Amino acid sequence: MKKINWYVPKINNYNNNYLNELIKTNFISEGKMTSRCEKALSKFLGAKNVIMTSSGTSAIYLALRSLGIKANDEVIVPNITYVATLNAVKLTGAKPKIVEVNTLTSTVELDDLKKKINKKTKAIIFVHISGRSGNFKNVLSFAKQKKIKVIEDAAEALGSKFDSKRKLGTLGDIGCFSFTPTKIITSAQGGAVVTRSRAIAKIIRSIKDQGRTKKKIGGDDTHDLFGGNFKYNDILASILLPQIYSLEKLILKAKKNNNFYRENLKNIKEIKFYKKFENEVCIWTEIICKRRDHLFNFLLKKNIKCRKIWRPLSSFKHVQNNYKMRKSYFISNKVLWLPSSLDLTSKELKRICSQIKKFYQSTI
Ligand SMILES: Cc1ncc(COP(=O)(O)O)c(C=O)c1O
């Protein structure tokens, strides 16, 4: 049986003239093609300022830095997220304050968040896992009330909406996206920061370019901020651009995959899905399931590769570890991402569902 991967990007079905166009210009650093990506994303997201970055991790790092976050400050991070969210905080020198997640949404648990904030709390990073907003609405209004900045880690949420109009990643003070190969569009590496504030955008553009504050003719530039090289480049931009233009089509396919799984697995009592919202695009379909590891191994033997959700951050050695978070461990042991590639055929989707049914029938 042909192998079904957990997620493969779809970059080979574009008639991509942008790369040829670029090579002819003999300029491959960050330039016009990157600006075209920023403009296209800005239009797609309905966001004023979009700044391309070298990765999603650097996007979060830059977002934190642009808010002035530094050593001794505290930043709220959910216990269930990709470790990049945490690492970006640690790179600023600030202390990540880990918060329990809710089992119904696998996003930040507001009650625990309330217990973890104090005078040092400068920002909350809300992670839209798989493109879901979870209890973002409540967290956002709480943060506003407390005047704490909100950074949306929307690495997995490009195209997903908060309501019928507004896109995730555009509601907090800053939104961050990633273009690694497991995302809806990819250029191997890359990221983007989105903000309504021109002042924040200006700082980010400077920090990502070695803190350059005044550009003259090169060597005589001024670097009044502490920064680094977190730039994107036009080679990657020329690969990403046609994908940005195709986003609406890709979103439809992601929704189709998700709907197929929901419809075909709905009668298996050992499986639960997170609540569905019409505006959201779940790029990777998650199931909360019994005997998760057995199911994973069973499907692997059938040449179907899934992915287990991450370990809780609080389980890692470099994380301050006095947290007892039962719900995070529950999620970490029960959630499985089903194959979610955008070119999955209905035949493949049927094969996956039929194997999952077989597994649960055979193990009753
Ligand atoms: C939730 C989340 N945050 C941050 C990142 C980091 O993005 P990158 O790998 O582009 O640095 C990723 C993706 O890898 C992610 O899934």
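This is a predicted model: local features need pLDDT of at least 70, side-chain atom pairs count only at pLDDT 80 or more; totals for chains, interfaces and linings use all residues.
Author: Residues are numbered from 1 along each chain as its sequence is written, and side-chain values use heavy atoms, with hydrogens and water left out.

Reader: Why is Glu 38 called buried?

Author: Buried means under 20% relative accessible area, exposed means over 50%, and partly exposed lies in between (1.4 Å probe, protein chains only). Glu 38 has a relative accessible area of 9%, so Glu 38 is buried.

Reader: What makes Glu 38 and Arg 205 a salt bridge?

Author: A salt bridge needs a side-chain nitrogen of Lys or Arg within 4 Å of a carboxyl oxygen of Asp or Glu. The closest N and O atoms of Glu 38 and Arg 205 are 3.2 Å apart. The pair links distant parts of the chain, with Glu 38 in helix H2 and Arg 205 in helix H7 (residues 198-207), 167 residues apart. Helices here are DSSP runs (H or I, at least four residues), strands likewise (E, at least two), and both are numbered from the N terminus.

Reader: Is Arg 205 buried or partly exposed?

Author: Arg 205 has a relative accessible area of 37%, so it counts as partly exposed.

Reader: How do you know that Asp 73 and Lys 122 form a salt bridge?

Author: Their closest N and O atoms are 3.5 Å apart. Asp 73 lies in the loop between H3 and E2 and Lys 122 in strand E4, so the pair ties together parts 49 residues apart in sequence. Asp 73, at 6% relative accessibility, is buried. Lys 122, at 35%, is partly exposed.

Reader: What makes Asp 209 part of a network?

Author: Start with the pair Asp 209 and Lys 231, whose closest N and O atoms are 3.6 Å apart. Both residues lie in the loop between H7 and helix H8 (234-245), 22 residues apart. Salt bridges that share partners join Asp 209, Arg 212, Asp 221 and Lys 231 into one network. Asp 209 counts as buried at 12% relative accessibility. Lys 231, with a relative accessible area of 29%, is partly exposed.

Reader: How many salt bridges does a search of the whole structure find?

Author: The search finds 21 salt bridges. Two are counted between domain 1 and domain 2.

Reader: Where do the domain bounds come from?

Author: They come from an automatic or database domain assignment. This assignment gives domain 1 (18-245) and domain 2 (247-362). Their centres, taken over C-alpha atoms, are 26 Å apart.

Reader: How do you know that the domains are in contact?

Author: Contact means heavy atoms within 4.5 Å. In domain 1, 47 residues are in contact with 32 residues of domain 2.

Reader: What is the area buried between domain 1 and domain 2?

Author: Buried area is the accessible area (1.4 Å probe) that two parts lose on being put together, summed over both. Here that area is about 3,300 Å², and carbon and sulfur atoms give 62% of it.

Reader: What makes Ile 23, Ile 28 and Ile 235 a patch?

Author: Patches take residues with over 30% relative accessible area and no salt bridge, joining like charges within 9 Å and nonpolar side chains (Val, Leu, Ile, Met, Phe, Trp, Tyr) within 5 Å. Ile 28 has 44% relative accessibility, so Ile 28 is partly exposed and passes the 30% limit. Ile 28 lies in the loop between helix H1 (18-25) and helix H2 (32-45). The three isoleucines form a nonpolar surface patch with about 250 Å² of accessible area together.

Reader: Which residues of helix H4 are buried?

Author: In H4 (residues 83-92) they are Ala 84, Thr 85, Leu 86, Ala 88, Val 89 and Thr 92. Their cover includes helix H3 (56-66) and strand E2 (74-78). Gly 93 follows H4, with a positive phi near 95°.

Reader: What is the phi of Arg 291?

Author: Arg 291 has a positive phi of about 50° although it is not a glycine. At 32% relative accessibility, Arg 291 counts as partly exposed.

Conventions:
Accessible areas come from the Shrake-Rupley method with a 1.4 Å probe; for residues, only the protein chains shown count as cover.
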